[in-house]
Amino acid sequence: MSEPIVTIRNLTKFFPGIKALDNVHLNIREGQVHALIGENGAGKSTLVKILTGVYFPTGGEITMEGKPIHFKNALDSQDAGIVAIHQEASMFLELSVAENIFMGHHLRNERTKKINWKKMKEETEKLLKRLELSISPDTLVKNLSVAQRHMVEIAKALSLNAKVVIMDEPTSALTSREVEDLYRIVRQLKSEGKAIIFISHKFEEIFEICDYFTVLRDGQYINEGYLKDVTTDDIVKMMIGRSIEHMYPQRTPSSGKEVLKVEHLSQLGAFSDISFSLHEGEILGFFGLVGAGRSEVVRTIFGIDRKSGGEVYLDGSLFNPRHPSDAMARGIALVPEDRQQQGVILEMSISDNITLPLLDSLCTRGFTNRKKEKEVARNFGEKMEIKAAGYEVDADTLSGGNQQKVVLAKWIASGPRILILDEPTKGIDVATKAAVHEFVAQAAKDGLCVILVSSELPEILGMSDKVAVMHEGELTALFDRSELDSEKIMRCALGEYKEIVNG
Amino acid sequence: MDKSKIKSLGKMIIDRREASLVILLLVILIPIQIRSPQFLSITNIDRLLNDISILSIVAIGEFFVILSNGIDLSVGSVIAFSGMASGMLNEAYPGTPIFIILLLGIAIGAVMGAVNGALVAFGKIPPIITTLGTMSIYRGFTFVLSKGTWVTAHEMTTKFISFPRTRFLGISALIWMALIIIALSYYFIRFTRSGREIYAIGGNATAAQFVGVNEKKIRFLVFILSGISFGFAGSLWTARYASAVNEMATGFEMQAVAACVLGGVNFAGGAGAIPGVVLGALFLGVLNNALPVMYLSTFYQVLVQGLVVLIALIINTVVDQRKMKKLLSQRRAS
């Protein structure tokens with residue numbers, strides 16, 4: 001085994017009231033893809049932020065190539081050769097690919113200090129060629145796809161002569177073909193002797209691309225080793241300290257009377273001719289690839305977007321929402337996909353977030369009843385097992401999984417009859433996922449109708465009574481629980497096969 | 001022309017704001033020219049360019065600030081103070097060389113801009129609040145300096161007030177001043193690190209810091225640059241209009257911002273270019289010159305200007321949204 005390029009020993013990081021990292025070890029080696037595994041809140045992000053100079057450690061030591069290092073800021077760590085591929089957040093959308101790569105270290109004429117655009121373009125072309133990418137250096141980044149933006153970030157890391165490249169959930173927004181491209185580049189970086197830290201929640205991905213792993217749990221170092229020596233089950237056990245026997249709750253499906261009926265619903269440019277019905281106590285899985293139009297359908301039912309054709313019936317009568325408040329008044333709740341932008345108000349406390357849809361009922365003579373508000377928040381917060389210092393802290397102090405729980409608590413508190421969940425488990429850890437599934441099953445048992453929009457096939461298979469499949473704005477299949485077949489569903493989602501012929 | 005060529009031309013018009021502005025300019029010039037054939041005469045074009053020279057200088061100053069995702073509302077007040085000081089200097093010491101008067105204007109602008117910049121960059125006060133405050137303060141300084149009086153044409157030297165019209169190589173000094181500012185700004189914004197770092201700060205301040213851009217320095221710098229351009233414009237203003245009054249350039253921030261927005265500068269920062277800003281100023285100049293020719297009362301000028309700016313903003317938004325949609329559908333297809 002080669003000597004590690006970066007060694008972390010007994011690393012500790014305290015935040016006020018929280019021990020984010022406690023005695024963490026990490027050995028990063030050249031030419032190795034190292035999976036950093038742990039649930040949300042296990043300390044992965046904190047560890048990365050310390051490595052990239054954003055946070056300072058409270059204790060412990062980090063050595064790079066044998067020498068102890070103390071980064072004062074992000075630039076220090078970059079200069080040392082540690083580069084994180086952030087999500088899009090770190091790009092300049094209005095500037096060209098070449099300039100995104102060279103921002104902060106523009107190539108200049110030595111004497112006149114004049115920026116040498118020609119040389120920057122040539123260098124960019126070389127980098128892109130090395131990654132076998134067909135992107136022009138002049139293209140504005142805003143005109144690139146998410147995947148291409150990722151590749152540009154990687155090119156930038158190369159231009160900085162990175163020795164350690166950190167990738168945090170790099171595939172979360174990519175299509176399967178784009179993921180293949182990313183794998184190819186990761187393998188290439190590896191063969192060039194770069195050390196790669198790969199953070200992901202997807203096990204297939206980890207086993208496909210990574211060599212070595214380190215597992216963290218609750219800020220503590222749990223284990224490390226070669227992935228070829230372990231199984232998914234072993235890793236799950238390390239992550240949660242127990243093995244999850246049944247990822248999906250056992251349910252006995254029972255369906256009552258029809259509540260929601262959608263007929264030939266269309267929205268110009270987004271989806272067309274969508275028909276399905278939903279009964280009490282039923283879970284309808286909505287499957288499709290990213291961009292298939294599923295979110296648009298549920299947004300239309302919820303009154304955010306306007307339909308261009310077709311009808312929605314609620315309890316047998318025509319329902320035409322003009323605004324989400326119409327839908328909410330009729331007992332429809334939508335938990336949106338992008339919880340940070342659409343679901344949680346980060347600057348508000350947990351308690352205020354939960355009671356937001358209920359404010360009307362919590363008001364006496366136009367003033368909110370703070371005591372009652374707190375009671376309701378605590379009640380639902382405990383039901384969802386939200387881990388927080390208190391219900392008065394701001395939502396932005398929570399981990400992603402706990403934020404999701406706040407959103408769910410918020411909508412359940414409003415007592416809906418139809419619950420629409422758009423990608424409720426995207427980017428959250430195994431244990432939170434299980435809690436969400438448990439919660440959805442309970443909701444259905446209580447007689448709620450649930451529409452579960454998900455891109456994860458196992459989740460769809462494990463949870464749904466009925467499955468609707470969409471491809472490029474069209475409904476390609478509607479399956480009953482008895483006919484569920486993963487291959488068939490996938491083929492319908494890819495548009496290779498149609499169960500329903502529209503017309 | 002085959003279809004693909006038309007398509008790529010259309011793409012260029014949407015992508016390059018400058019191209020669409022040129023086309024729009026041509027479109028409005030045709031009826032004006034038909035209505036009044038002398039509109040595009042050499043004399044009138046010369047007058048038009050003289051009219052927009054000061055606006056171009058000021059709009060470029062405003063451009064730097066908007067590019068950094070800020071705004072400078074103190075435009076008119078800095079012009080007034082610098083213009084008043086220039087006029088009073090010329091009155092009190094008629095022998096002072098013109099370039100000293102211009103340097104005084106630049107220095108005044110730099111100091112006033114530095115105060116704005118310090119409040120924004122180091123005091124963390126939002127640009128709109130800072131410059132709303134200094135807008136009044138600087139205007140107040142002007143009244144204090146002049147004790148409420150004017151400097152009129154016959155109190156200034158002929159040399160000073162005829163300077164803007166003095167011709168070099170057939171082009172007036174005023175136009176030369178604007179050309180120099182345009183050229184220097186273009187070089188600065190395109191070929192220096194600091195220039196590019198304004199784009200970075202305006203486009204994504206967090207990301208800019210990650211690659212080592214000094215945010216405070218850039219925010220301070222853009223206000224000094226805008227101050228310099230406003231101060232310089234103030235000296236030229238007094239010479240060109242042959243008077244320095246306390247109320248001069250009131251409301252000029254509207255024109256400066258309008259030229260930027262018309263020129264395709266992103267109001268949220270991070271995008272825009274000098275040629276667009278100059279074209280934006282030119283467009284406003286044509287509009288102001290053409291309306292009287294079209295027998296439209298000057299009362300309508302402000303109204304039409306406001307409308308044009310609003311339409312430009314709406315077009316910007318719509319084009320952006322359509323581009324986003326196109327991008328999404330491309331992703332779907334791939």
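pLDDT is the predictor's confidence in each residue, from 0 to 100. I started there, as this is a predicted model. For chain B I noted an average pLDDT of 85, with 90% of the residues scoring at least 70. I also wrote down the scores for the model: ipTM 0.81 and pTM 0.70. A reminder to myself: where pLDDT is low, the predicted coordinates should not be read in detail.

**Entry: chain B as a whole**

I looked up the secondary structure and found 14 helices and 2 strands in chain B. Of its 334 residues, 45% are buried. I then took the contacts in chain B between residues at least 6 apart in sequence, and 77% of them join residues at least 24 apart.

**Entry: helix H6 of chain B**

Next I picked out H6(B), which covers residues 127-146. Does its length agree with what 20 residues should span, or disagree? It agrees, because 1.5 Å a residue predicts 28 Å and the end C-alpha atoms are 28 Å apart.

I listed the buried residues of H6(B): Pro127(B), Thr130(B), Thr131(B), Thr134(B), Met135(B), Tyr138(B), Arg139(B) and Thr142(B). An α-helix has 3.6 residues a turn, so residues three or four places apart point the same way. What covers the buried residues of H6(B)? I found that the cover includes helices H3 (42-67), H4 (75-92) and H5 (98-121) of chain B. Just after H6(B), I came to Lys147(B), which takes a positive phi of about 50°.

**Entry: where B meets A**

I turned to the interface and found 20 residues of chain B in contact with 20 residues of chain A. On the chain B side, helices H9 (193-203), H10 (205-210) and H14 (299-333) each supply at least two residues. Which helix gives the most? It is H9(B), with 5 residues. By type, I wrote down 10 nonpolar, 6 polar and 4 charged residues for this side of chain B.

**Entry: chain A**

Chain A is divided into domain 1 (6-240), domain 2 (254-331 + 417-503) and domain 3 (343-415). I noted 36 Å between the centres of domain 1 and domain 2 of chain A, taken over C-alpha atoms.

My last stop was Leu475(A), which lies in strand S22 (residues 474-480) of chain A. Is Leu475(A) buried or exposed? Leu475(A) counts as buried because it has 28 C-beta neighbours inside 10 Å, and the cut-off for buried is 20 or more. I also checked Leu475(A) against Gly495(A): they are 20 residues apart in sequence and 9.7 Å apart in space, C-alpha to C-alpha.

Note on methods
Residues numbered from 1 in each chain as written. Chains lettered and ligands numbered in written order. Predicted model: local features only at pLDDT ≥ 70, side-chain atom pairs only at ≥ 80, totals over all residues. Contact = placed C-beta atoms within 7 Å. Helix = DSSP H or I, 4+ residues; strand = E, 2+ residues; numbered from the N terminus. Nonpolar A, V, L, I, M, F, W, Y, C, P; charged D, E, K, R; others polar. Buried ≥ 20, exposed ≤ 12 C-beta atoms within 10 Å, placed from the backbone. Domains from an automatic or database assignment. Expected span 1.5 Å × (residues − 1).
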